[in-house]
Every structure is written in structure tokens, then in C-alpha cells.
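Here's a quick tour of a two-chain model, written for someone who likes cut-offs spelled out. Have the coordinates open while you read.

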Amino acid sequence: MNKIPNRQAICQVLMERAATDKDIVVLCSDSRGSASLTPFANTFPEQFVEVGIAEQNLVSIAAGLAKCGKKPFAASPACFLSTRSYEQAKVDCAYSNTNVTLVGISGGISYGSLGMSHHSAQDIAAMSAIPNMRVYLPSDRFQTAKLIEALLEDEKPAYLRVGRNAVEDIYSEENTPFVMDKATVLAEGTDVLIVACGEMVKPAYDAVGLLKDEGISAGLLDMYCVKPLDKEGVIQAAGKAKMVLTVEEHAPFGGLGSMVSQVVGSECPRKVINMALPDAPVISGTSREVFDYYGLNAAGIAERVRKEL
Amino acid sequence: MDEIRELKVLSYELRKKVVEMIVAGKGGHIGGDMSVMDILVALYFKEMNIGPENQDDGNRDRFVMSKGHSVEAYYAVLARKGFFPMDEVISQFSKFGTPYIGHPNNKLPGIEMNSGSLGHGLPVCVGMALAGKMDGKDYRVYTVMGDGELAEGSVWEGAMAAGHYKLDNLCAVVDRNRLQISGGTEEVMSHDSQEERWYSFGWNVISVDGNDIGQLVHAFEIAKGYKGKPTVVIANTVKGCGSAVMENKASWHHKVPTQEEMEQIMKDLEERKVALL
């Protein structure tokens, strides 16, 4: 079982690159430990900015740095980053078009027992609604590393969300197919297409295996690029299946399910089922306990497919 | 005529352009435009090394118009600097499909950052100043805020960080005209004492008559030489400065003058200009 959380993969890539790229700057809001960025701060103190517990400041300062040629990565818990500094993300990053990467750590319900203040089940909806803001939810540590490398290649704003806990590997050191802004096809199927992002990709992947054993042919897209959504990928894969099922660690509105439904509804109409967290304060517990409770696990996904087919 | 006096004359000329712009565009934050004009003229025509000729130079000074609603004054100054034609901005301001919208946007040359929502400029400038320090560049960073804007908490987050990082390459200006849309700033939300507030955040504080370009220039020169702290210039200004029709009247925060009012304002501006000659 992998013990390296995605946030740690981010730190590794940034440290590798910062050694030769002095324009890479990491900013934290008293969050360097939570973000696994302490090694970066210790190794590259000249490329690290601490702003204290001030998320609005975090994002605006990052925008100012970017405007002067820096490549800032602003890391803070996704719950605060996506709502407390929402306007800074909108105006200073997206509207002013600055090269800022907003890194939402401990995303979704990672802080399961800390209550709704610490959950970020609305970040996809919020960030996606901003023109010129991209939204990424990588699934495992290998894909996270590829994504960070890709983000270092362009000069546009982006928001990415990673969870707090280590997730099981889907890809590997040798085999991580990755094309920027294209979903990764993890399985092809004719009965159902499952589209998942972030931490939901692994249970969806396992569900595909369970269904296969029962003779149900399920396709799976790892839609780490929630915005810009890989529409062609959805249309192509959905066209082969009888129905589509989306799975996400997010509120039921405005997230992956809403976006995939829009595409399928207009381009290749068929039934779309959205599996998500409820439109209510989420029950307390570890991520695993919470996911199990809402059926956001392999068994729950497989069962929903069986029921809907 | 000495240089400062020339700038004062220019400031009145540009105020007239603002009035034309607002009348043609049928809208605008005229009161703040008039109070901030001398600050912008001092910065753009005396202090900062910013112009169309060096807009891509990494060593240019950086400016963010945090009180973005005073965009008409900003446009007039940028047009006079040669970033875009004055006639074009006057005729197109606020019109359908125009790039000259009611708040600064960086699709236009000369504008670094989009603003409009208050309390963003100072924290953005903290990032710009930090970048300058990291790169060992000697450009300076300037922002102008309104006094009503100081109620935004994000201003003080930025102030805190600038003090903490001792950003002596950063100079903030407060256009202290003491009026905002609902009335007097001290009635809406107290901001006195400005000097004590900024000092307590680790800033060097200079208070001047913000409609006196000579005093402003002197303050900016002191700021340039001050090491170890960012400087804030509390520019005590008159809202609507330039004509008794508008001066110190909150109702002129956002207002289009009538034909009669416009004629009187233009006459007053011309008289004050001529008095300098």
C-alpha cells in the first residue's frame, strides 16, 4: 500500500525543479506542514514565502509575484483557498491572467471529523465558474507529479486539489499515461462509462474489476482535468456505452457530474447518474468511513451500476 | 516655469479630460478622480520610470491602481503618457464593447493588473516587491488606495506582510479625501489616526497635502531613500478637487455633471490653471 500522499509528490517535483529554476516560488499560509512543503521551505528559503494565516493575502501576493515573472505555487487547505480567497482567485489570478497555481490541500472531506468548515465539497463548482480558471483533481501520486510538470510548462492560472491521505497507486513510475487536458482511459466498456476524478478514481477502477467478474462491461475515464473537461474523451467513450455514471468527492451540484451531464445531454444523450456527497453537512469520520457511508467505494459504485443498468 | 508648477498645470488639464470622458461616457467616479489626480501626475510624470517605451522592461517601476473606480483619472494620465490616444479613450469610455471599461484592465497597455474590487492592490504589490527583492532588482512598486477602501481587511493583511518583510521598495499612497459613497469616512467607519495605524504595522508614514504636487514629490523622494520599511504616503486630499461645484460633496462620488454644471466645472478648472501661470 502506497504511503506517499499526492501533496508529497507535489513537493518532490517542485524541489527537483526549483534547484535549477529560481523563479519557482512556494507560498504557504501557516500550512507548510499540512502541505508537505516543509522540505521545500528548508531547502529553498529564498524561494519560499510565508504569509501567516491569511489566505486572501496568499493569493494576491502570489499574483504579484507571477506578474513579475515568478512561478508561484500557493498552497493552503482547499476549504479556505477555494472560498476565503475566492475573489482573489477570480480577480488577481483569473481575470488578471497571472501564472499562479493554487494548490488546495486536504481537499474534499479529507478533514473528515473537523466539520463542514474544513470540507471543500464546493471547490470544483466555485473554481470552474471563474472564466480563465482551470481545475484539476489528480488521482494518484504519479499523475500528480505529471500534472505539476505540465503546469510548470504554461503560464496560465490553475486550481488543483489533492487529498490529505495517501491513496493507492493507479499508475506507476514506468507507466503513467498523461496528456495535458485529456482524460486517461483506464478501461473501455460497452455497458457503462464511469467518469471519476481525484480520490474517486481508485474505487471506480476497482468497481470496474468487480463488474467485469459479473460480465458487465464498464469503461472508466480518469478525468483529472475537470476544467477544461475533456469533452471529446467523454463523447467518444460515452458513445460506446448504454449509460454514464460519474463519481466525485464533491457536492452534487456544479461538479464533475454536472459538467459530464451537460456534455452527454447535448452530444450523445443517454442516462447519466451522478454519485457525489450529499447536499448536507457530511457525517463525521475518516475519509474511508465517510466514503463507505455514502457508498463512494468500489462496492457502492458497482452496486449503483447494477441497479441502474 | 518650474517643473512642479508645470505638473500642477498638467493636473488641471487632465482633470478637464476626465470631465469630458465622464460626460461622453455618461458615468464615472468623478469625485475620486479629482482628488487622486495630483497623486497620479506626481507618480507618472516625476517619480516612476514607467512609459510606453519601457513597458516590457523588467526594471520598470510597477504601479497598481487599487482604487480602480478612479479609472477615468488613470486613463487620462496613461493617455497623456502615450499608452493610448486621448481622443479614443474619451470617445469610447464606457461604450458598448469598449476596452475602456469602468475599472482598469490589463488588456490595455500600461495597466499591470485588473482591479475594481477594493483591497487587492496592496497585497498584489507586496508580491511584486518581494519578486524585486528576490531578483535583486531595484525597481520600485507603487499603489494608490482610497480611504474608504481601508475598511477591507485584505488591505491590512497586505500591510502586515509588507511590514514583516521590510519591503522598502514598496510605497503605498492613501487618497485621504474623507468621503465615500455613503458620506464621511469617519461616520461610515473610523480610519483615524492613519499615522498611528500604519506605523503600528511597521511602516514609515509621511502625511502631506495630497493636492500639492510639490509635497507629494518630496514625500516620494523621502520614501525612495528610506531603508528597512515600506512607506505609506497619507495624501490628504479634497474630493472633487478643482471646482466648488464638486468639492467635499459625497453626492459627487459617482455623478455625471449636467451641461450647466460641466460648464462651471470647466471654468473653475481653467481659472485654477491660469492662476498658476
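Chain B averages a pLDDT of 97, and 100% of the residues score at least 70; pLDDT is the predictor's confidence in each residue, from 0 to 100. The model scores ipTM 0.97 and pTM 0.97. This is a predicted model, with local features needing pLDDT of at least 70 and side-chain atom pairs counting only at pLDDT 80 or more, while totals for chains, interfaces and linings use all residues. Residues are numbered from 1 along each chain as its sequence is written, and chains are lettered from A and ligands numbered from 1 in the order in which they are written.

On to where the chains meet. The contact takes 21 residues from chain B and 22 residues from chain A (in contact: C-beta atoms, placed from the backbone, within 7 Å). On the chain B side, helix 5 (121–135) and helix 6 (153–164) are the elements that give two or more residues, and helix 5 of chain B supplies the largest share, 10 residues. Helices here are DSSP runs of H or I with at least four residues, strands are runs of E with at least two, and both are numbered from the N terminus.

Within chain B, helix 1 (residues 3–25) and helix 3 (residues 71–81) pack at an angle of about 120°, with their axes 9 Å apart. Axes are lines fitted to C-alpha atoms, for helices over the stretch in contact, and angles run from 0 to 180 degrees between N-to-C directions. Helix 1 and helix 3 of chain B are therefore oblique to each other (under 35 degrees is roughly parallel, over 145 roughly antiparallel, 65 to 115 roughly perpendicular, the rest oblique). Among the residues that meet are B:Leu14 and B:Met21 from helix 1 of chain B and B:Tyr75 and B:Arg80 from helix 3 of chain B.

Over in chain A, an open sheet of 5 strands has the order 7-9-8-11-12, with mixed pairing (strands pair if DSSP finds at least two bridges between them). Strand 7 (184–187) and strand 12 (271–275) of chain A sit at the edges with a single partner strand each, so one side of each has no neighbour in the sheet. Strand 7 of chain A pairs with strand 9 (residues 218–222) of chain A in the antiparallel sense over 3 bridges.

Note on methods. Two residues are in contact if their C-beta atoms, placed from the backbone, lie within 7 Å.
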